[in-house]
Amino acid sequence: MKKIEAIIKPFKLDDVVEALSEVGVEGVTVSEVRGFGRQKGRTEIYKGAEYVVDFLPKIKLEIIVPAGICDHAVEAIRKSAHTGKIGDGKIFVFSVESAVRIRTGEKNENAI
């Protein structure tokens, strides 16, 4: 099993979830997060004063998938989240040692 964490632009969420569904991903956890990478935030003007917004709003997706569809899921995220502009995001993949469904006690791939 693999855990995929993806940080994407908020307006791309629906596109990414639809693309994941098409490759067989059955569940996604979504969190609203804030952060910055190479773009280093942005400058805004509020009530005539200029200030820097260091942390930009992003969406974090967490997905557990069987190892066999991991590459397909990563590619689906990459294609559907792509705008070609700075701040498109990142995708991270981790190995998952075990999983347990609390309701039924099912384990590992049966639990996802």
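The buried residues of helix α2 pack against β1 (2-8), α1 (13-22), β5 (56-65) and β6 (89-95), where buried means under 20% relative accessible area, exposed over 50% and partly exposed in between, with a 1.4 Å probe and protein chains only. This is a predicted model, in which local features need pLDDT of at least 70 and side-chain atom pairs count only at pLDDT 80 or more, whereas totals for chains, interfaces and linings use all residues. Residues are numbered from 1 along each chain as its sequence is written, and side-chain values use heavy atoms, with hydrogens and water left out. Helices (H or I, at least four residues) and strands (E, at least two) are DSSP runs numbered from the N terminus, and contact means heavy atoms within 4.5 Å.

**Overall layout**

- The chain has two helices and six strands, and from the N terminus on its elements run β-α-β-β-β-β-α-β.
- Of the 112 residues of the chain, 29% count as buried.
- Among the contacts in the chain with a separation of 6 or more, 73% come from residues 24 or more positions apart.

**Helix α2**

- Helix α2 covers residues 70-81, and its twelve residues should span 16 Å at 1.5 Å a residue, which agrees with the 16 Å between its end C-alpha atoms; the expected span is 1.5 Å times one less than the number of residues.
- The buried residues in α2 are Cys70, Ala73, Ala76, Ile77, Ser80 and Ala81.
- Seen down the axis of α2, these buried residues fall within an arc of 125°, so they line one face of the helix; the arc is that of the directions from the helix axis to the C-beta atoms.
- On the other side of α2, the residues Asp71, His72 and Lys79 are exposed.
- Ala76, which is found in helix α2, counts as buried because its relative accessibility is 11%.
- Not counting residues up to four places away in sequence, Ala76 touches Ala19, Leu20 and Val23, while Ala76 and Glu18 lie 58 residues apart in sequence and 9.2 Å apart in space, C-alpha to C-alpha.

**Helix α1 and its flanks**

- In α1, the residues Leu13, Val16, Ala19 and Leu20 are buried.
- Viewed down the axis of α1, its buried residues fall within an arc of 135°, so they line one face of the helix.
- Asp14, Glu18, Ser21 and Glu22 are exposed on the face of α1 turned away from its buried side, and the cover over the buried residues of α1 includes β1, β2, β5 and α2.
- Just after α1, Gly24 takes a positive phi of about 100°.
- Lys12, in the loop between β1 and α1, counts as buried because its relative accessibility is 12%.
- Leaving aside neighbours within four places in sequence, Lys12 is in contact with Ser80, Ala81, His82 and Thr83.

**The sheet and the helices on it**

- Four strands form an open sheet in the order β2-β5-β1-β6, with antiparallel pairing; two strands pair if DSSP finds at least two bridges between them.
- The edge strands are β2 (29-35) and β6, each of which pairs on one side only, and the twist averages 20° from one strand to the next.
- Seven bridges join β1 to β5, which run antiparallel, and Ile7 stands opposite Lys60 in β5.
- Seven bridges also join β1 to β6, again running antiparallel, and Glu5 stands opposite Phe92 in β6.
- Helix α1 lies across β1, β2 and β5, running at about 10° to β5; axes are lines fitted to C-alpha atoms, for helices over the stretch in contact, and angles run from 0 to 180 degrees between N-to-C directions.
- Helix α2 packs on the sheet and touches β1, β5 and β6, with a direction that makes about 5° with that of β1.

**The nonpolar core**

- In soluble globular proteins, nonpolar side chains tend to be buried together.
- The largest nonpolar core has 15 residues, and those with the most contacts inside it are Ile4, Ile8, Val16, Leu20, Leu61, Ile63 and Ile77; such a core is a set of buried Ala, Val, Leu, Ile, Met, Phe, Trp, Tyr and Cys residues joined through side-chain atoms within 4.5 Å.
- The elements giving two or more residues to this core are β1, α1, β5 and α2.
- Not counting residues up to four places away in sequence, Ile77 touches Ile4, Ala6, Val16, Leu20, Ile63 and Ile91.
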